[in-house]
Amino acid sequence: MQRMTGVERRAQILAIAAEEFARTGLHGTSAETIARRADISQPYIYRLFGTKRELFRLVVAEAFAEMTRGIVAAAGDLRGEAALVPIADEYRRLLADRTRLLLQMQGFAACDDDAVRETVQAAFGYHWETIAGITGLDPVRMKLFIALGMLLNDVAAMDAGSLDTGWARAALDQVPVEFFHARGPVETGDGTVAP
């Protein structure tokens, strides 16, 4: 058997950690399980990544970054509302990667940990700002766009596409892009009006 380089071993551990953390989260996954699957010692994981929490933060941040990179690539040179359809289509496609999807959800679930919360806040904030920068959506329409994305996360996580029920079909129906077109001022509910 050919010996792995340090770069190959690191990539292997990250891939295994992503799968394990996606299934059982930060607190339910042991470094021992990851080490066993990689056929290495547990101290080697700590030497490379410091702590299990740091390894978790790394794979969660990368899951968000992969999603953001995919959206940027899908938009290409398109800007404004013209970018909404390719972004939404790519987002739906990216949801098929259950490891990435569940890692993001595990990241949200582990936000009781201050360091994890900071990682998720930064990754989610960059995702939001990237989409807003490409599409030019105002804050209210961005909330609607992100809320729709979170709904898609939920229905993908529970595999609602395999169900033949009215609610699942309705949840999976595409929202017309016209929904996000500017309609003038919108009451935000806190007494302010957004453009």
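1. Helices (H or I, at least four residues) are DSSP runs, numbered from the N terminus. The model is predicted, so that local features need pLDDT of at least 70 and side-chain atom pairs count only at pLDDT 80 or more, while totals for chains, interfaces and linings use all residues. Residues are numbered from 1 along each chain as its sequence is written, and side-chain values use heavy atoms, without hydrogens and water.

2. The largest pocket has a volume of about 390 Å³. A pocket is an open set of points on a 1 Å grid over the protein atoms alone, where a 1.4 Å probe fits, with protein on both sides within 12 Å along at least five of seven lines; lining residues have an atom within 4 Å of a point. The volume is the space filled by probe spheres set on the points, which are joined across faces, edges and corners.

3. The largest pocket is lined by 27 residues, with Ala88, Tyr91, Phe145, Leu148 and Leu152 closest to its centre. At least two lining residues come from each of H4 (52-75), H5 (84-94), H6 (98-109), H7 (114-135) and H8 (139-157).

4. The second largest pocket holds about 240 Å³. Among its 12 lining residues, Gln2, Arg3, Met4, Arg9 and Ile40 lie nearest the centre. Helix H1 (residues 6-28) gives the most to this lining, with 3 residues.

5. In helix H2 (residues 31-38), Ala31, Ile34, Ala35 and Ala38 are buried (under 20% relative accessible area, 1.4 Å probe, protein chains only). Just after H2, Asp39 has a positive phi of about 60°.

Key: Buried means under 20% relative accessible area, exposed over 50%, partly exposed in between (1.4 Å probe, protein chains only).
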